[in-house]
Amino acid sequence: MGDGEGKLYQIALCCDGVPLETGSKAAIDIKEELTHRPWHKNVQCEWNGGSLVLTAENDYDAHGLALMDEFSDATAACIDDGFDGGIRVLSIKEI
């Protein structure tokens with residue numbers, strides 16, 4: 001296990017700067033993409049009209065950095081046109 005051995009974390013991340021015309025479809029595609037990474041549980045990705053918000057649970061990522069890296073990979077794979085958005089941690093809760 002990683003840095004959170006024996007603990008479970010609920011992580012929420014936000015990706016800003018997503019083009020309006022691609023956000024809704026990107027949310028669906030990113031959620032599907034992350035189903036291929038079973039170490040993240042209860043994955044949700046939503047488009048709020050200005051940002052993509054990703055939530056997931058895992059037992060090793062106390063700082064959200066691994067999920068952030070995978071969210072970045074998934075946005076690059078699922079949004080055809082590049083954009084200048086950034087990903088930030090909204091919250092990390094031990095559950």
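Trainee: How many bridges pair strand β2 with β3, and in which sense?

Mentor: Keep in mind that this model is predicted. To call two strands paired, look for at least two bridges between them. Here β2 (residues 41-47) and β3 run antiparallel, paired over five bridges. One of the partner pairs is E46 with V53 of β3.

Trainee: What sits between those two strands in the hairpin?

Mentor: Three residues separate β2 and β3 there. Check phi at G49: the angle is positive, near 95°.

Trainee: Which strand is joined to β3 by eight bridges?

Mentor: That is β1 (residues 9-16), again antiparallel to β3. Q10 has its bridge partner in β3, namely E57.

Trainee: How many residues of β3 are buried?

Mentor: Buried means under 20% relative accessible area. By that test, six of the eight residues in β3 are buried, so the strand is mostly covered.

Trainee: Where is E57, and is the residue buried or exposed?

Mentor: E57 lies in β3, which spans residues 51-58. E57 is buried.

Trainee: Which side chain of opposite charge is nearest to E57?

Mentor: K41, at 9.2 Å. A salt bridge needs the charged atoms within 4 Å, so E57 has none.

Trainee: Which side chain makes a polar contact with E57?

Mentor: N42. The two side chains meet at 2.7 Å.

Trainee: What else does E57 touch?

Mentor: Leave out residues up to four places away in sequence. The contacts of E57 are then L8, Y9, Q10, W39, H40, K41, N42 and I95. Q10 in that list is also the bridge partner of E57.

Definitions and conventions:
Residues are numbered from 1 along each chain as its sequence is written. This is a predicted model: local features need pLDDT of at least 70, side-chain atom pairs count only at pLDDT 80 or more; totals for chains, interfaces and linings use all residues. Side-chain values use heavy atoms; hydrogens and water are left out. Helices (H or I, at least four residues) and strands (E, at least two) are DSSP runs, numbered from the N terminus. Buried means under 20% relative accessible area, exposed over 50%, partly exposed in between (1.4 Å probe, protein chains only). Lys and Arg count as positive and Asp and Glu as negative; His and the chain ends are not counted. A polar contact is a pair of N or O atoms within 3.5 Å; within protein, one must be able to donate a hydrogen and the other to accept it, and residues adjacent in sequence count only if both atoms are side-chain atoms. Contact means heavy atoms within 4.5 Å.
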